[in-house]
Amino acid sequence: MTDVKRRAFRGEILHLVDDPAIADTKAHEHWSDGLLVVADGRVERCGDATALLSDTGALDIVDCRGKLIVPGFIDAHVHYPQTDVIAAYGEKLLEWLTRYTFPVERRFADAAHARDVADFFIAELLRNGTTTAAVFATVHPESVDAFFASAQAQGARMIAGKVMMDRNCPPELCDTAEGAYDDSKALIERWHGRDRLSYAVTPRFAPTSTERQLELAGRLLDEHEGLYLQSHVAESADEVNWVGQLYPWSRSYLDVYDHFGLLRERAIYAHCLHLDDTDRARMGATGAAMAFCPTSNLFLGSGLFDLDAARKHGVAVAVGTDIGGGTSFSMLRTLDEAYKVAQLLHHRLSPLGALYLATLGGARALHLDERIGNFAIGKEADFVVMDAAATPLLARRMKSTQTIEERLFALIMLGDDRCVFETYLMGERRHARDGEVAARRPSG
């Protein structure tokens with residue numbers, strides 16, 4: 001019989017058990033001196049350290065006192081091939097794709113280049129405390145193989161897929177409806193459900209897919225259990241107008257996807273800025289989710305995401321960095337901008353509500369909440385050890401805070417990758433800010 005590997009992490013612990021917009025103060029659990037017990041990569045117990053230490057038996061304890069332990073962040077929309085065009089100057093969405101995105105994506109036919117970028121990308125996610133992401137590759141199957149191989153090597157839970165794009169793009173990035181179907185099917189058979197990896201059928205967006213390609217995307221979803229669908233919708237006004245010209249029979253941009261059976265559970269659509277109540281109600285009814293990408297929407301001047309309208313219609317919402325239109329891998333920086341977007345719309349996004357979007361809310365949107373998102377017993381132990389005094393300003397600001405909500409808000413507003421002290425996947429450390437951290441003293 002194999003011995004169970006058990007370890008405990010002692011420090012301040014915060015996680016969400018429900019949506020604060022619904023459950024208010026009952027939505028979170030917080031222990032100023034907490035203990036997270038991990039057995040074989042899963043949460044065994046979580047609670048007050050003094051109480052748990054009295055009846056857990058002998059434990060190897062990692063001392064994280066003075067730090068804040070939270071669940072790993074979930075990035076619901078990001079493009080790994082666009083890592084090298086982050087912070088590219090001065091264009092709106094459609095021009096940005098032509099000038100920056102398409103040229104860099106051509107290089108991913110080269111498997112060695114794809115793996116180099118994938119390794120950097122995964123390391124950057126972990127450096128920022130992100131442990132799960134829904135990721136776009138390129139049209140090249142090699143780009144998907146490279147990404148999944150890199151994620152598998154780290155033991156990360158990741159979702160990804162080959163971009164499907166058979167019109168309105170450069171010839172060297174243009175596949176065919178049947179070719180994209182065949183390539184996707186082979187990739188699904190190779191990677192979906194392997195270790196912690198899941199496949200997403202990935203039509204880039206309606207303007208770059210023919211009706212036949214969208215039809216075959218729906219067929220893939222029907223033929224294979226547990227697949228995801230990821231795409232973009234209603235990101236910019238010009239894009240919406242273009243879709244109207246390409247699909248004149250549709251009631252709306254979203255209606256194009258609905259027509260081909262692409263609104264369903266496990267479907268996540270980035271942006272969702274220029275939707276009406278009929279669209280939002282349809283997303284709520286079908287179980288499709290929205291990825292709120294504030295840094296990208298502001299950087300490209302696309303619009304403001306209406307979180308309150310999504311909630312009104314029962315749509316699950318996660319948050320995405322949308323690298324490279326997005327301007328930071330950091331979920332803290334992303335939540336900072338999400339708060340400001342809400343302010344501009346005269347709405348409220350509380351500190352706990354923001355953390356919910358990046359953890360349990362993201363897990364629920366991706367139908368992963370039985371596996372990740374908080375520290376419920378049996379869940380996979382993906383978590384981040386945060387240093388809320390990582391900069392002189394943060395350290396000073398924290399001295400005048402009184403509650404966990406105040407500290408969390410200051411961390412979101414002022415924090416970045418420097419605040420991520422360590423990142424763990426299935427209870428194993430995969431990133432340490434200071435390299436190999438010196439051995440900590442035992443606690444008890």
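Visitor: How many disulfides does the count come to?
Guide: The count is 0 disulfides. Keep in mind that this is a predicted model.

Visitor: What is the closest cysteine sulfur to that of C174, and how far is it?
Guide: It is the sulfur of C169, 4.0 Å away. A disulfide needs the two sulfur atoms within 2.5 Å, so the pair is too far apart for a bond.

Visitor: Is C174 buried or partly exposed?
Guide: C174 counts as partly exposed because its relative accessibility is 34%.

Visitor: Switching to rings. How many aromatic pairs does the structure hold?
Guide: There are 19 aromatic pairs in the structure. One of them joins Y247 and W249, an edge-to-face pair with 5.8 Å centre to centre and 90° between the planes.

Visitor: What is the relative accessible area of Y247, and of W249?
Guide: Y247 has 0% and is buried, whereas W249 has 37% and is partly exposed.

Visitor: Which residues form the aromatic cluster?
Guide: Y80, F108, F121, F147, F148, W191 and F329 form one cluster.

Visitor: Charges next. Where does the charged end of K67 sit?
Guide: Over the ring of F421, 4.6 Å from the ring centre. There is also R219, which lies over the face of Y181 at 5.8 Å from the centre of that ring.

Visitor: F421 again: which residues is H431 in contact with?
Guide: Leaving aside neighbours within four places in sequence, H431 is in contact with L126, R127, V420, F421, E422 and T423. H431 lies in strand β16, residues 428-432, and counts as buried at 13% relative accessibility.

Visitor: What lies 3.5 Å from a polar atom of the H431 side chain?
Guide: The backbone nitrogen of R433.

Visitor: Last topic, helix α13. How far does it reach from first C-alpha to last?
Guide: Helix α13 covers residues 331-344, 14 residues, and reaches 20 Å, close to the 20 Å expected at 1.5 Å a residue.

Visitor: What caps its N-terminal end?
Guide: S330 does, with a side-chain oxygen 3.2 Å from the backbone nitrogen of L332. L332 is among the buried residues of α13, which also include M331, D336 and E337.

Visitor: And what follows α13?
Guide: α13 is followed by H346, which has a positive phi, near 60°.

Conventions: Residues numbered from 1 in each chain as written. Predicted model: local features only at pLDDT ≥ 70, side-chain atom pairs only at ≥ 80, totals over all residues. Heavy atoms only, no water. Helix = DSSP H or I, 4+ residues; strand = E, 2+ residues; numbered from the N terminus. Buried < 20%, exposed > 50% of the residue type's maximum accessible area, 1.4 Å probe, protein only. Polar contact = N/O pair within 3.5 Å; in protein donor to acceptor, adjacent residues only side chain to side chain. Contact = heavy atoms within 4.5 Å. Expected span 1.5 Å × (residues − 1). Phe/Tyr/Trp six-rings, centres within 6.5 Å; stacked < 30°, edge-to-face > 60°. Lys NZ or Arg CZ within 6 Å of the ring centre and 35° of its normal.
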